[in-house]
Amino acid sequence: TLKGAKVTSSPNWLKQKLVSIGVKPINNIVDITNFVLFETGNPLHAFDYDKIDSRSIFVGQQSKIKKFNKLTGGSVDLNKEDLLIYDKKNALCLAGIIGGESSSVSEKTQNIFLESAFFNPTVVRNSSKRHTISTDASYRFERGADIENCLYALKRACVLIKSISGASISSEIFDSYNHDKKTLNKIPFSFDRFNKVIGFEIDQLIIRNILQDLGFQIIDHSTENNDFFVTSPSYRFDVNREIDVFEEVLRIYGYDNIPPAKNISFSLSSTDNSFQNFDLKNILSESLRNNNFFEIKNNSLTSYSLLDRIKKDSKTVKILNALSHDLNAL
């Protein structure tokens, strides 16, 4: 928490930094959280401390609060699976996605509660898609933020807020993550399997150097093949399987350095009239085009709402895990 903040327009250097990457400046507090987000990759959220009911804050999934008013305007109907930051009365934040109107920072704000967190990527992704809300924060949480960097991002933002807004840091940092008992994901690395996957051999010393340069910690495991275990850096949330480590080695070694195969194998078509069908299709296609028809190729996926407007009784297949709102029906 920080007290005595003066919420005003940001200094020019901060505005220019944000504008240069396409972010609209709002006020000095919100601008600092956005600046630190892009600087460190860790999203932050600032609450108006005096608007938090009973000065009590909770994080979790619950079903009592039904509505959430976004700070950008409008409201959403909450699902029991949504992860919330809330007080005894209201949902203050749709965790990892967007803040709420009830606790947003304004020109009248004097005291600030600052939050830096790691949220489960799957939970954030599901809520983001459920409510069709995509933000800079949700984009990063969906892909896995660096849990070991939360504390640095929080301290960095505190120092900037103190220097720019004149606020004083009024409480100790509450850190709920046990850094000493963190579980390291030990990933096996087999040279034999690596060689079979890529089709040729890379010197073992080169592989070890590449992994160490990328920040992987090598845990030696005494075997005849010199195989070992690695732990990935905390910021590489996407590397958790052996095949992921293989890819890391190969992208640094260089795909262009993979020697070409000596043999090429492919299967021939067993249909005798394949060329005749091809010719027939070409003849028909040219004939239709010559008679003022247009040839188009449609995407199999499209928008459900669009199909619903075109034909109400269409037997549309709705995609359960659609990539986007515009490609959610077959």
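I take contact to mean heavy atoms within 4.5 Å. The model I am looking at is a predicted one.

**Entry 1: Asp326**

I started with Asp326, which sits in the segment after helix H10 (304-310). Setting aside its neighbours within four places in sequence, I found Asp326 in contact with Thr302 and Ser303. Is Asp326 buried or exposed? Its relative accessibility is 54%, so I noted Asp326 as exposed, the cut-off for that being over 50%.

**Entry 2: charges over rings**

I looked for charged side chains placed over aromatic rings. The charged end of Lys318 sits over the ring of Tyr304, 4.3 Å from the ring centre. Lys186 lies over the face of Phe229, and there the distance to the ring centre is 5.2 Å.

**Entry 3: aromatic pairs**

How many aromatic pairs does the structure hold? I noted 12. One of them is formed by Phe191 and Phe228, with 5.6 Å from centre to centre and 75° between the planes, and it is edge-to-face. Phe191 belongs to helix H6 (residues 191-198) and Phe228 to strand E13 (residues 228-231), so this pair ties together parts that are 37 residues apart in sequence. I checked burial too: both Phe191 and Phe228 are buried. I also wrote down a cluster, in which ring pairs link Phe189, Phe191, Phe194, Phe228 and Phe246.

**Entry 4: Thr231**

I stayed with strand E13, where Thr231 is found. Thr231 has a relative accessible area of 5% and is therefore buried, given that the limit is under 20%. I looked up how far Thr231 is from Asn27, which is 204 residues away along the chain. Their C-alpha atoms are separated by 41 Å.

**Entry 5: H6 and H8**

I turned to helix packing. Two packed helices are described by the angle between their axes and the distance between the axes. For H6 and helix H8 (residues 242-253) I noted an angle of about 65°, with the axes 11 Å apart. H6 and H8 are therefore roughly perpendicular to each other. Their crossing is right-handed. Which residues make the contact? On the H6 side I listed Arg193, Phe194, Val197 and Ile198. On the H8 side I listed Glu242, Ile243, Phe246, Val249 and Leu250. Two of these names, Phe194 and Phe246, I had already written down for the ring cluster.

**Entry 6: H3 and H4**

Next I took helix H3 (residues 121-130) and helix H4 (residues 136-143). Their axes come within 7 Å and cross at roughly 135°. H3 and H4 are therefore oblique to each other. I noted this crossing as left-handed. H3 contributes Pro121, Val124, Arg125 and Ser128 to the contact, and H4 contributes Ser138, Phe141 and Glu142.

I looked at one further residue of H4, namely Tyr139. Tyr139 has a relative accessible area of 45%, so I put it down as partly exposed. Tyr139 and Pro233 are 94 residues apart in sequence, and I read 20 Å between their C-alpha atoms.

**Entry 7: H2 and H5**

Another helix pair I looked up is helix H2 (residues 28-40) with helix H5 (residues 150-165), packed at an angle of about 145° with their axes 10 Å apart. The crossing of H2 and H5 is right-handed. From H2, the contact is made by Asn28, Ile29, Ile32, Phe35, Val36, Glu39 and Thr40. From H5, I listed Tyr152, Ala153, Arg156, Ala157, Leu160, Ile161, Ile164 and Ser165.

**Entry 8: Ser54 and Arg55**

I ended with backbone angles. Most residues other than glycine have a negative phi. Ser54 is not a glycine, yet I noted a positive phi of about 60° for it. Arg55 also has a positive phi, near 55°. Where is Ser54 found? I placed Ser54 in the loop between strand E2 (44-48) and strand E3 (58-60), and Arg55 is in the loop between E2 and E3 as well. Ser54 is partly exposed, with a relative accessible area of 45%. For Arg55 I read a relative accessibility of 45%, and Arg55 too counts as partly exposed.

Key:
Residues are numbered from 1 along each chain as its sequence is written. This is a predicted model: local features need pLDDT of at least 70, side-chain atom pairs count only at pLDDT 80 or more; totals for chains, interfaces and linings use all residues. Side-chain values use heavy atoms; hydrogens and water are left out. Rings of Phe, Tyr and Trp (its six-membered ring) pair if their centres lie within 6.5 Å; planes under 30 degrees apart count as stacked, over 60 as edge-to-face and the rest as tilted. Helices (H or I, at least four residues) and strands (E, at least two) are DSSP runs, numbered from the N terminus. Buried means under 20% relative accessible area, exposed over 50%, partly exposed in between (1.4 Å probe, protein chains only). A charge sits over a ring if NZ of Lys or CZ of Arg is within 6 Å of the ring centre and within 35 degrees of the ring normal. Axes are lines fitted to C-alpha atoms, for helices over the stretch in contact, and angles run from 0 to 180 degrees between N-to-C directions. Angles under 35 degrees count as roughly parallel, over 145 as roughly antiparallel, 65 to 115 as roughly perpendicular and the rest as oblique. A crossing is left-handed if the near helix is turned anticlockwise from the far one by less than a right angle, and right-handed if clockwise.
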